[in-house]
Amino acid sequence: MRQHWGIENGLHWPLDVLLDEDLSRSRKDNAPANLAVLRRLALNVARSHPDAKTSLRGKFKRAGWDEAFLFDMLRHMR
């Protein structure tokens, strides 16, 4: 039971809450799978950034506001 909730909290919750995956309206062809890959990529980029004081939501917001921070996040990708 704990493993299930660990997976839920570690991956599904951030995708749903931060990136609104459940509200996605893409339904045709390969769009849902392609967007799921991009969401996971964005989540991994935000998690790999070394700034531990800023939350994931804060990193996404700051990357949207500040192009230099966005490029800094992309530079720290593993």
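Let me begin with Arg75, which forms a salt bridge with Asp72, the closest N and O atoms being 3.5 Å apart; by salt bridge I mean a side-chain nitrogen of Lys or Arg within 4 Å of a carboxyl oxygen of Asp or Glu. This is a predicted model, in which local features need pLDDT of at least 70 and side-chain atom pairs count only at pLDDT 80 or more, while totals for chains, interfaces and linings use all residues. Residues are numbered from 1 along each chain as its sequence is written, and side-chain values use heavy atoms, with hydrogens and water left out.

Arg75 and Asp72 both lie in helix H4, three residues apart, about one turn of the helix; helices here are DSSP runs of H or I, at least four residues, numbered from the N terminus. Arg75 is exposed, with a relative accessible area of 61%, where exposed means over 50%, buried under 20% and partly exposed in between, with a 1.4 Å probe and protein chains only.

The side chain of Asp72 also makes a polar contact with that of His49, at 2.9 Å, a polar contact being a pair of N or O atoms within 3.5 Å, of which, within protein, one must be able to donate a hydrogen and the other to accept it, and residues adjacent in sequence count only if both atoms are side-chain atoms. His49 sits in the loop between H2 and helix H3 (56–65), and at 7% relative accessibility it counts as buried. Leaving aside neighbours within four places in sequence, His49 is in contact (heavy atoms within 4.5 Å) with Lys59, Phe69, Asp72, Met73 and His76.

How many salt bridges does a search of the whole structure find? There are two, and one of them joins the side chains of Arg39 and Glu21, at 3.7 Å from N to O. Because Arg39 lies in helix H2 and Glu21 in the loop between helix H1 (2–19) and H2, this pair ties together parts that are 18 residues apart in sequence. Arg39 is buried at 15% relative accessibility, whereas Glu21, at 23%, is partly exposed.

Turning to the nonpolar side, the largest nonpolar core has five residues, namely Val45, Ala46, Ala63, Phe69 and Met73; such a core is a set of buried Ala, Val, Leu, Ile, Met, Phe, Trp, Tyr and Cys residues joined through side-chain atoms within 4.5 Å. H2 and H4 are the elements that give two or more residues to this core.
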